[in-house]
Amino acid sequence: DNVNDYHRIAYIKNAQISWKTGNLTLTGGLISTIQFNMQEKFWGYRYIMKSFQDEYKFGSSADLGLSAEYEFADWISADATIVNGEGYKKIQKNDGLMYGLGATLTPLKGLSMRIYYGLNETTDPTKENKQNLATFIGYKGKGFSIGSEYNLYMNNGNIKGNDLYGFSVYGSVKASKSTDIYARYDNLSSKNDWNKAKDESASIAGLQVKLGEYVKIARNFRVSMPKQDNAENRYMGYVSCHFGF
């Protein structure tokens, strides 16, 4: 029978082979993409809320393809990917490939900076290639962290001018050995308001408590402020749990 409820299907997200020689690392298979991997790790609370690009569907966190990373020095590295471009749930090549280039800098202890550009080609001459630009800067000190990112997604849906852009600011403070306080603010906009029905600014703040080595519980409060005319703000409370190594 035809399966319409795709949430009932299990997917393999990562299945890869990696090879490292000197400062070069090569990886192939169902791999983690480089588009927002660093931002996601720095944010550190994916089980509570996805990072900006993942949350607003600027790209997929994993895909089928190849990646290469080269470390030029302790403070600078570059990476490149060639992937299917349709995410790990659709590994068939139905359209063009996606190419990505990124550079990461860590000039000072605790300070991280990154820039990424991606091109998702289309084989249809009547459509436009998708493009993605992402920038990030973050600092981790003793007992606290703060980061920000700006993202631009051009030709969403392969339609010329359907651009999305926005920024995210987030941080956390260690209140005690087992307790963290975290907060984040997102702002999503679209060129000429083509996506105004979904454009929004959103904030989240909460408290994470570690219960032993493998369990985390986070209480958080969220506010979503739609940019559509006459739309009302939404207020939500969550309790998120994480079990794992």
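**Stop one: a cross-strand pair**

Select Arg-234: partly exposed, at 43% relative accessible area (buried means under 20%, exposed over 50%, partly exposed in between; 1.4 Å probe, protein chains only). The term means a side-chain nitrogen of Lys or Arg within 4 Å of a carboxyl oxygen of Asp or Glu. Glu-200 sits in strand E11 and Arg-234 in strand E13 (residues 234–243), so this pair ties together parts 34 residues apart in sequence. Strands (E, at least two residues) and helices (H or I, at least four) are DSSP runs, numbered from the N terminus.

A word on the ground rules. This is a predicted model, where local features need pLDDT of at least 70 and side-chain atom pairs count only at pLDDT 80 or more, while totals for chains, interfaces and linings use all residues. Residues are numbered from 1 along each chain as its sequence is written, and side-chain values use heavy atoms, with hydrogens and water left out.

How many salt bridges does a search of the whole structure find? The count is seven. Pick Arg-46 and Glu-40, whose side chains meet at 3.0 Å, N to O. Arg-46 is partly exposed at 32% relative accessibility. Glu-40 is buried at 16%. Next, select Arg-184 and Asp-186: their salt bridge spans 2.7 Å, N to O. Are these two buried or exposed? Both Arg-184 and Asp-186 are buried.

**Stop three: a positive patch**

Switch to a surface view and select Lys-50, Lys-57, Lys-89 and Lys-198. They gather in a surface patch of positive charge. Patch members have over 30% relative accessible area and no salt bridge, and like charges are joined within 9 Å. The place of each Lys charge is taken as NZ. Zoom in on Lys-198, in the loop between strand E10 (179–190) and strand E11 (200–210). Lys-198 is exposed, at 63% relative accessible area.

**Last stop: the whole chain**

Zoom out and colour by secondary structure. The protein chain has two helices and 13 strands. Its radius of gyration is 19 Å, close to the 18 Å from the globule rule for 245 residues, so the chain is as compact as a globular protein of that length. That radius is taken over C-alpha atoms, and the rule is 2.2 Å times the number of residues to the power 0.38. Of the 245 residues, 36% count as buried.

Key:
Patch = residues over 30% accessible without salt bridge, like charges linked within 9 Å, V, L, I, M, F, W, Y side chains within 5 Å. Areas by Shrake-Rupley, 256 points an atom, 1.4 Å probe, with all protein chains shown as cover. Lys, Arg positive; Asp, Glu negative; His and termini not counted.
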